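Please consult the sequence and the structure below while reading.

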Amino acid sequence: MLDPQRTALLLVDLMDRVVALPLEPRKGTEVLAAAEELATTFRRAGALVVLVRVERPAVAEQPPGSGLVPGLRRDGDLEVVKRTLGAFQGTGLDERLRERGITTLVFGGIATNLGVESTARAAADLGYDLVFAEDTMAAFTAAEHEASVRLDFPRLGTVTRSTDVSFA
């Protein structure tokens with residue numbers, strides 16, 4: 001059971017151009033649907049939803065589909081723009097979470113083994129408690145996804161399904 005005042009949902013790179021990629025073990029649209037349901041659960045509980053998207057550094061214009069999937073962001077959500085693989089480097093994310101008293105992060109997004117795992121490793125180094133909603137993630141191959149959720153994530157936190165995330 002999670003404390004909604006101390007927990008944030010962190011969804012990584014749910015952008016049109018990323019969701020449309022060929023992904024495994026589930027399609028980007030399936031990841032998006034599960035992530036949106038989990039975000040709704042968080043918002044109803046009064047917990048913070050953080051939406052992370054990537055921008056390529058030093059380019060005049062971002063590629064089409066670089067914004068968050070339309071309709072994903074709601075009032076009260078925090079949007080973070082990263083320019084590296086993980087969401088903590090140079091974004092002020094840690095400070096913004098700490099000023100809100102956040103101590104636990106629940107993760108979802110694309111790609112499991114890249115943006116999600118990189119962000120999670122930094123979060124672990126910063127002392128956050130981590131939960132991974134496995135069904136809200138996908139990677140470029142099933143093997144990459146499985147390596148993260150079966151080998152790496154259990155060493156960093158708790159791996160679960162989005163439907164098993166609940167609040168006290």
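UniProt annotations may be inferred rather than shown by experiment, and their positions are given here in the numbering used for this chain. With that caveat, the unreviewed UniProt entry lists residues 7-163 as "domain: Isochorismatase-like". The model discussed here is predicted.

**Annotated region**

**Nonpolar cores**
- The largest nonpolar core has 29 residues, of which Leu9, Leu11, Leu14, Leu38, Phe42, Val106 and Ile110 touch the most other members.
- Two or more residues of this core are supplied by each of β1 (7-12), α1 (16-19), α2 (28-45), β2 (48-54), β4 (104-110) and β5 (129-138).
- Helix α2 gives the largest share, six residues.
- A second, separate core holds 24 residues, including Leu93, Leu105, Phe107 and Val149.
- When neighbours within four places in sequence are set aside, Leu38 is in contact with Leu9, Val106, Ala133, Thr136, Ser162 and Val165.

**Cis peptide bonds**
- The bond from Glu24 to Pro25 is cis, with omega near 0°, and Pro25 is placed in the loop between α1 and α2.
- The bond from Ile110 to Ala111 is likewise cis, with omega near 0°.
- Ala111 belongs to the loop between β4 and α4 (112-125).

**Positive phi at non-glycine residues**
- Asp13 is not a glycine, yet its phi is positive, at about 60°; this residue lies in the loop between β1 and α1.
- Asp13 has a relative accessible area of 7% and is therefore buried, the cut-off being under 20%.
- Ala58, also not a glycine, has a positive phi of about 60° and sits in the loop between β2 and β3 (78-82).
- Ala58 counts as exposed because its relative accessibility is 85%, where the cut-off is over 50%.

**Thr158**
- Thr158 is found in strand β6 (residues 158-160).
- With a relative accessible area of 47%, Thr158 is partly exposed.
- Apart from neighbours within four places in sequence, Thr158 is in contact with Leu130, Val131 and Phe132.
- The C-alpha atoms of Thr158 and Asp13 are separated by 21 Å, and the two residues are 145 residues apart along the chain.

Note on methods:
Residues numbered from 1 in each chain as written. Predicted model: local features only at pLDDT ≥ 70, side-chain atom pairs only at ≥ 80, totals over all residues. Heavy atoms only, no water. Helix = DSSP H or I, 4+ residues; strand = E, 2+ residues; numbered from the N terminus. Buried < 20%, exposed > 50% of the residue type's maximum accessible area, 1.4 Å probe, protein only. Contact = heavy atoms within 4.5 Å. Core = buried A, V, L, I, M, F, W, Y, C linked by side-chain atoms within 4.5 Å.
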